[in-house]
Amino acid sequence: YVEGINNQTKVIKRNAFGFGRFDRFRLKVLLYHQYKDVKIRIA
């Protein structure tokens, strides 16, 4: 199960080449894996 999550994250990473903002990429990964409690942290 964990290997499948890692693989899907890597696929999203390859398809998201050129994203200007890391937080949007992070949200895309989290939403794909259906995490409901998504919090954006701006440093």
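Me: How many salt bridges are there in this structure?
Reply: The count comes to one salt bridge. The model is predicted; local features need pLDDT of at least 70, side-chain atom pairs count only at pLDDT 80 or more, and totals for chains, interfaces and linings use all residues. Residues are numbered from 1 along each chain as its sequence is written, and side-chain values use heavy atoms, with hydrogens and water left out.

Me: What makes the pairing of D23 with R21 a salt bridge?
Reply: The rule asks for a side-chain nitrogen of Lys or Arg within 4 Å of a carboxyl oxygen of Asp or Glu. In D23 and R21 the closest N and O atoms are 2.8 Å apart. That is within the limit, so the name applies.

Me: Why is R21 called partly exposed?
Reply: Its relative accessible area is 43%. Buried means under 20%, exposed over 50%, and partly exposed in between (1.4 Å probe, protein chains only). R21 falls in between, so it is partly exposed.

Me: Why is the pair of F22 and F25 called tilted?
Reply: Their ring centres lie 6.1 Å apart and their planes stand at 50°. Rings of Phe, Tyr and Trp (its six-membered ring) pair if their centres lie within 6.5 Å; planes under 30 degrees apart are stacked, over 60 edge-to-face, the rest tilted. The structure holds one aromatic pair.

Me: Where do F22 and F25 sit?
Reply: Both lie in helix α2 (residues 22–32), three residues apart, about one turn of the helix. Helices are DSSP runs (H or I, at least four residues), numbered from the N terminus.

Me: Are F22 and F25 buried or exposed?
Reply: F22 has a relative accessible area of 59%, so it is exposed. F25 comes to 18%, so it is buried. Also buried in α2 are D23, L27, V29 and L30.

Me: What covers the buried residues of α2?
Reply: The cover includes α1 (2–15).

Me: How do you know that α1 and α2 cross, and at what angle?
Reply: Their axes come within 10 Å and cross at roughly 140°. Axes are lines fitted to C-alpha atoms, for helices over the stretch in contact; angles run from 0 to 180 degrees between N-to-C directions. The contact (heavy atoms within 4.5 Å) is made by Q8, T9, I12 and K13 of α1 and F25, K28, V29 and Y32 of α2.

Notes: Helices (H or I, at least four residues) and strands (E, at least two) are DSSP runs, numbered from the N terminus.
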